Amino acid sequence: MAHPLGSFLVDSARQAARAFRGGWKILITRGPSKFQFWLIALLVGVASGFAALLFRKAIEWLQSTIYGTENINRLHSFAETLPWYWILFIPIAGGLVVGLLLDRFSKDARAQGPADVIEGAAINNGRVSIKEGLVSAVASLITLSSGGSTGREGPVVHMAAVISTWVSEKIQANGITGRDLLGCAVAAAVSASFNAPIAGALFALEVVLRHFAVHAFAPIVIASVAGTVINRLEFGNVTEFVLPVSSIAFFQELPAFLLLGGLCGFVAVALMWTIFWAEDIGNQIMTYTPLKRWMRPVVSGAMLGVLAIGYPHIIGVGYETTSAALTGELLMHEAIVFVVLKIIAVAVTMAGRMGGGVFSPALMIGALTGLAFGLIATSIFPEVSGSHTLYALAGMGGVAAAVLGAPISTTLIVFELTGDWQTGLAVMVTVSISTALGSRLVDRSFFLTQLERRGVHVAAGPQAYLLGTCHVSKLMRDIDPDHGATDAACWALIERGIYTNANATLEGLMPMFDDPSIRFVPVVRLRGEGEGPELLGVVHDVDAFKAYNKALAEIAAEEHS
């Protein structure tokens with residue numbers, strides 16, 4: 001009789017051998033395509049990482065050349081020594097170049113950014129406009145180098161999307177593959193820009209793809225690591241900010257961080273609302289004045305120059321001021337004044353459509369907000385308070401997370417930017433409260449609110465924006481009397497104003513089927529003035545519902561694969 005243990009080992013060995021043979025068969029028959037995709041993802045990550053690195057180096061070179069400083073990390077300190085007219089002239093000149101560039105090569109004379117990448121991921125099979133992406137990158141480079149008060153992460157994300165779009169077009173990638181490559185490119189660019197591999201990968205999943213599908217995780221991580229390696233080859237294994245040693249009296253101080261989270265949420269919303277308000281004011285000015293499109297960045301540049309004469313802290317990304325806040329080198333009234341001025345400067349830059357992102361400004365505003373709050377909190381309760389710089393760190397995460405609508409990746413990117421993992425509880429509490437509050441006062445985030453203002457309903461989820469991807473032309477049938485769609489019935493509906501055109505989508509068509517008596521909608525071509533519409537066909541309700549259900553099923557399968 002065989003020994004039970006021996007039989008068990010033999011059976012286990014046989015099962016392992018069968019599993020190995022099955023796995024090898026799958027690898028031979030289906031594996032190369034998967035490995036091929038991972039290789040492409042790696043190459044896209046490397047290309048995006050180098051693009052982010054070159055963009056950063058180009059900003060540093062151009063900024064140092066224009067302002068005449070050898071250390072751009074101390075830019076605002078150096079700018080204080082320059083003549084006032086030079087501080088005024090530089091952003092005006094930059095605005096002129098940006099204005100002429102965007103007016104000539106961009107349809108709507110604006111630099112594109114992460115919102116366009118999110119839109120491309122949601123409704124354009126992971127693609128963005130290559131031509132306008134390249135123009136936007138150059139415009140953002142000039143903006144950030146000539147006094148524009150924005151950040152470099154927005155242009156970097158869009159540049160990465162341009163690279164992935166080019167690759168997707170070359171390999172004729174389908175929607176899922178195109179979105180996965182887009183996520184890989186974005187992850188690598190963010191990682192290379194900030195030396196933050198974990199946050200880069202999660203940023204791509206949380207902000208751009210807006211799902212955490214398992215099939216996308218591995219290639220995105222591979223690309224993110226590639227981007228980080230590129231950053232560290234140039235800058236070494238260093239963090240963007242160096243913090244003093246901080247401590248937290250956990251239980252006693254947690255209520256203070258809850259309050260800080262609420263404050264950060266309101267500050268983030270104030271930043272976003274101010275940008276949108278300034279954008280609307282700029283649109284009104286362009287509508288009711290004879291200003292040309294190319295003049296809009298020039299006017300913004302002039303306003304920034306006037307502001308920078310007295311407060312050069314608003315120039316560029318603002319890492320010097322952010323670092324000063326994190327190390328507690330600023331007084332409370334300075335922190336408060338700089339918050340207000342930075343919000344104004346960012347709004348002016350964005351309203352002037354000059355290019356750049358909002359993440360770095362949000363970090364600066366958050367650090368200043370947290371520092372001001374911390375100085376007050378530690379002075380009122382000194383016996384139960386840690387360092388006021390810890391509040392600056394938590395505030396940095398709180399405002400940035402509410403602006404991006406990305407609590408997970410923002411929390412991690414704050415840790416990776418500072419290298420301080422010991423204060424995670426304080427940052428997490430602040431971020432959770434600020435994000436919960438901020439997402440209720442806007443459409444979830446700054447980028448999604450931008451899209452909502454353009455009529456792209458991504459914030460509501462696939463059930464809203466997928467209607468805009470189903471085109472009437474693909475669902476239209478010929479006139480079919482056997483199913484009630486006679487000529488007379490169609491013209492009766494047209495006279496009631498119930499019709500659509502072949503270029504429309506289900507977004508405008510579907511509400512017509514709310515009336516249970518309407519089983520089909522005529523499709524017409526509108527002709528010239530004085531001529532009646534031309535009847536082309538009909539769209540039946542069952543076809544519209546099938547198409548919508550199929551789109552929902554496909555996106556659900558992708559997100560859960």
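Q: Hi! Which helices are part of what covers the buried residues of α17?
A: Good place to start, and keep in mind that this is a predicted model. The cover over the buried residues of α17 includes α8, α9, α13 (319-326), α15 (359-380), α16 (388-404) and α18 (424-441).

Q: How many of the residues of α17 are buried, then?
A: 10 of its 12 residues are buried, so α17 is largely enclosed by the rest of the structure. The buried ones are S409, T410, T411, L412, I413, V414, F415, E416, L417 and T418.

Q: What span should α17 have, and how far apart are its end C-alpha atoms?
A: With 12 residues at 1.5 Å a residue, α17 should span 16 Å. Its end C-alpha atoms are 17 Å apart, which agrees.

Q: And what follows α17?
A: G419 does, and its phi is positive, near 75 degrees.

Q: Switching topic: how many cavities of 30 Å³ or more are there?
A: The count is two. The largest cavity has a volume of about 110 Å³.

Q: Which residues are closest to the centre of that largest cavity?
A: They are V190, F203, F359, L404 and I413, out of 14 residues that line the largest cavity.

Q: How does the lining of the largest cavity divide into nonpolar, polar and charged?
A: It has 10 nonpolar residues, three polar ones and one charged one.

Q: Now the core. How many residues has the largest nonpolar core?
A: It has 144 residues, and those with the most contacts inside it are V186, I220, V403, I413, F446 and L506. As background, nonpolar side chains in soluble globular proteins tend to be buried together.

Q: Can we zoom in on V403? What is V403 in contact with, leaving aside neighbours within four places in sequence?
A: V403 is in contact with A268, L271, M272, V358, A362, S445 and F446. Apart from this core lies another one of 14 residues, among them Y67, L304, A308 and I314.

Q: Which residues other than glycine have a positive phi? Say, what is phi of N195?
A: Phi of N195 is near 55 degrees, a positive value in a residue other than glycine. R444 is not a glycine either, and has a positive phi of about 75 degrees.

Q: Where are N195 and R444 placed?
A: N195 is in the loop between α8 and α9, while R444 is in the loop between α18 and α19 (446-453).

Q: Is N195 buried or exposed?
A: Buried: its relative accessible area is 7%, and the cut-off for buried is under 20%. R444, at 48% relative accessibility, counts as partly exposed.

Q: Last one: which residues of α4 are buried?
A: I87, I90, P91, G94, G95, V98, G99, L101 and L102. Helix α4 covers residues 84-105, and its 22 residues should span 32 Å at 1.5 Å a residue. The end C-alpha atoms of α4 are 33 Å apart, which agrees.

Methods: Residues are numbered from 1 along each chain as its sequence is written. This is a predicted model: local features need pLDDT of at least 70, side-chain atom pairs count only at pLDDT 80 or more; totals for chains, interfaces and linings use all residues. Side-chain values use heavy atoms; hydrogens and water are left out. On a 1 Å grid over the protein atoms alone, a cavity is a set of points where a 1.4 Å probe fits but cannot get out, and a pocket is an open set with protein on both sides within 12 Å along at least five of seven lines; lining residues have an atom within 4 Å of a point. Grid points are joined across faces, edges and corners, and a volume is the space filled by probe spheres set on the points. Ala, Val, Leu, Ile, Met, Phe, Trp, Tyr, Cys and Pro count as nonpolar, Asp, Glu, Lys and Arg as charged, and the others, Gly among them, as polar. A nonpolar core is a set of buried Ala, Val, Leu, Ile, Met, Phe, Trp, Tyr and Cys residues joined through side-chain atoms within 4.5 Å. Buried means under 20% relative accessible area, exposed over 50%, partly exposed in between (1.4 Å probe, protein chains only). Contact means heavy atoms within 4.5 Å. Helices (H or I, at least four residues) and strands (E, at least two) are DSSP runs, numbered from the N terminus. The expected span of a helix is 1.5 Å times one less than its number of residues.
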